[in-house]
Amino acid sequence: MNLHHEDYQHKVYIRRKSPTWWLRNIKYFMFMMRELSSAFIGAFLLLFLYELFLISKGEAVFNQFQTSLRSPAFIVFYVIALIFALYHTVTWFGVVGRIQQVKVGKTKVPPSLVTASAFAGWIVVSIAIGLFFFGVI
Amino acid sequence: MYKMDKKEPFWWGMFSVGGVVAALLAPIHIFISGLAVPLNLLDAEVLGYAQMKALLGHPLVKIYLFVLVVLPLYHAAHRIRFSLYELGVREFRISMDILCYGGALIGTGLAAYILFHLF
Amino acid sequence: MSSDKMITFKVLRFRPEEQDEPSEDTYQVPFEEDWVVLDALNHIKDQMDGTLSYRWSCRMGVCGSCGMMVNGEPKLTCSTFLRDYYPGEMLIEPLANFPIVRDLVIDMDDFMDKLKAVKPWIIREEEQPVEEGEYLQTPEQLSEFKQFSSCINCMLCYSACPVYGPESDFIGPAALALAHRYNADSRDQGMEERREIFASEEGIWNCTFVGECSVVCPKHVDPAVAIQRTKVETTQGWFQSLLMPGGKKK
């Protein structure tokens, strides 16, 4: 099914796609940023896992690492990771209303309402987790 | 000529579930782990050794953390795999696929070992 | 002409009998408030350069013939107004991701092959006898697939899709949306047969939901959503058959 010049009985010109196609316009660029967000989330989670691992290594090792996490370099990383994570959340929940059709009885719930509910759910969950750390313990 | 792919639904399903977990939980956890203390919104002791060790004693906490850490790894693996395709990787597709999903599988193993064996 | 205003048209040219690579010609075209790009191209061909080759037909946005790249974006030239670009320059190129045959005409064989490949017709295990009358559908059943039947085969979505291209086997947005149109039609019983095609590596799994296909679609078909729904359904079916082997698939 591939298009090769040799398949054509008449001469055609095939425009090659450059690997930097995604720099051509803002929409393609933001798509790539959305894809990249998953890598930053993954990097954060592996860092987080490493922190948990260090707890098993004892208080001194753990505390030393925690101090290094307060350095400017790590703070920049966390800010960037947070921005990417928020972008993932926004783009993910932004489309669920279009994809997942929700019916209450026979009435179709408008996509914007489905999306709004998803965001509301995200805020509730985030607050709950936040309260767990800020309030409960 | 065209043949239904019997493995892709699994990876897409994992990508999908991982994406939901990441969308719901990543922002707040990044904020708490990395920014709440430097911004003086949280005492350092809350995330300190004693508290964390106590938390990691609870089976429910371990399961929650396992889900939090592992599922988005499959989300990232899938997205990275297809981003490589879109950046022009054509020659080493199978190796790249193995690297991506393999990474997620290794992360799964590490998380299981750390959360359920070391604590 | 109602005014002396002019607008610059840069047009990609390719004469296979003379050239190995495309070139660019520049034309000064009268600017009219109510002109679309197609009007300008017709003016160029009628008054300035009869050798310019391009496709068009209905000039009212229903036939899907006149798709071209206008300033880097896939558009129907009959529905793209000069006034939205004036006084800037217009760059007209053939639809992206397709081989160029001549000037603004692209080769659409691959697209036609992919449309046919998804079996875009009602597939029944058994036809209802004529005496039993028509297949009846409720408005709800119609609404499940109606939007996806609006496709005019203009190929703008294929041009917008970064996955599709001459080096890709991706079946593409319109064909996959069409497959979904039939899968979602209550009269159809062919999803399992179609699954071999749409659930292949070259089908839905190649899509990374960039979403540009739906953005450029002049008929609001939303192929991106059609493909994601197909992914969800196929994945659910896969997990279901894993956990409940022997279950009946549609």
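**Note on chain C and its contact with chain A**

1. A:K27 and C:E212 form a salt bridge, with 3.4 Å between the closest N and O atoms; the term means a side-chain nitrogen of Lys or Arg within 4 Å of a carboxyl oxygen of Asp or Glu. Across the interface of chain C and chain A the rule finds five salt bridges.

2. This is a predicted model, in which local features need pLDDT of at least 70, side-chain atom pairs count only at pLDDT 80 or more, and totals for chains, interfaces and linings use all residues. Side-chain values use heavy atoms, without hydrogens and water, residues are numbered from 1 along each chain as its sequence is written, and chains are lettered from A and ligands numbered from 1 in the order in which they are written.

3. The contact (heavy atoms within 4.5 Å) takes 44 residues from chain C and 24 residues from chain A. The area buried between the two chains is about 3,000 Å², and carbon and sulfur atoms give 50% of that. Buried area is the accessible area (1.4 Å probe) that two parts lose on being put together, summed over both. Of the area that chain C buries against chain A, C:P166, C:F209 and C:R229 supply 18%, more than any other three residues.

4. Chain C also has an open sheet of five strands, in the order β2-β1-β5-β3-β4 with mixed pairing. Two strands pair if DSSP finds at least two bridges between them; strands (E, at least two residues) are DSSP runs, numbered from the N terminus. The edge strands of chain C are β2 (23–30) and β4 (73–76).

5. In chain C, β1 (residues 6–13) pairs with β2 in the antiparallel sense over eight bridges. C:V11 stands opposite C:D25 in β2(C).

Definitions and conventions. Helix = DSSP H or I, 4+ residues; strand = E, 2+ residues; numbered from the N terminus.
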